[in-house]
Amino acid sequence: MEGTYAMTYKPPTVESADCATIAGPAGPMTIAITRSGAEVRSTFYGIVARGMLQDTSDFSLAATDSPEDGGTQQSYTLRGYYVPPKLMGTTGTIEGKWITHGERGSKMCDVERPATGVQQ
C-alpha cells in the first residue's frame, strides 16, 4: 500500500450546517503513504497523519491541526481500503472517504466525501 497516490474527490455526502461559515477543505491532490509493519503514515496539509493498516487492507490515517492563534482547529481523516494491482504492470488503488472536522468558537463543520487514489 505504500506509495504516492493521485487523488480525486466527489462532492460531499455529509456536510453539517456550520460549513457555510467554516469550509471543510477538499483533500490533497496527491498523498504519499509510508508503511512500517501495520503502521501507516502520511502528511495532510503539512500535518503528520498516522494510522493502521488492517489484515483486510482496510486503513485509517488521521491528523489534527491545532493553531495557536485561535483560528480553526481542523482534523483530517482518510479512511478506506487498499486494492492491490490485479495484473502485472497495473497499479493499486485506494477507495474510501476523506473526512474533515473543523471547529472555530461554537461553530463546527463536519464533511465526508468519497475519495479515490491511483498509485503512481
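Reply: Let's start with a term we will need: a residue is called buried when its relative accessible area is under 20%, exposed when that area is over 50%, and partly exposed in between. Please keep in mind that this is a predicted model.

Now to E112, which has a relative accessible area of 22% and is therefore partly exposed. The side chain of E112 meets that of K97 in a salt bridge, with 3.3 Å from N to O. E112 sits in strand β9 (residues 107–119) and K97 in strand β8 (residues 93–104), so this pair ties together parts that are 15 residues apart in sequence.

How many salt bridges does the structure hold? There are 3. Another one joins E2 and R35, whose closest N and O atoms are 2.7 Å apart. This pair links distant parts of the chain: E2 belongs to the segment before β1 (3–9), while R35 is in strand β3 (residues 30–36), and 33 residues separate them. E2 is partly exposed at 38% relative accessible area, and R35 is partly exposed at 41%.

Then there is the salt bridge between E39 and R41, where the closest N and O atoms are 3.5 Å apart. With a relative accessible area of 27%, E39 is partly exposed; R41, at 34%, counts as partly exposed too.

Conventions:
Residues are numbered from 1 along each chain as its sequence is written. This is a predicted model: local features need pLDDT of at least 70, side-chain atom pairs count only at pLDDT 80 or more; totals for chains, interfaces and linings use all residues. Side-chain values use heavy atoms; hydrogens and water are left out. A salt bridge is a side-chain nitrogen of Lys or Arg within 4 Å of a carboxyl oxygen of Asp or Glu. Helices (H or I, at least four residues) and strands (E, at least two) are DSSP runs, numbered from the N terminus. Buried means under 20% relative accessible area, exposed over 50%, partly exposed in between (1.4 Å probe, protein chains only).
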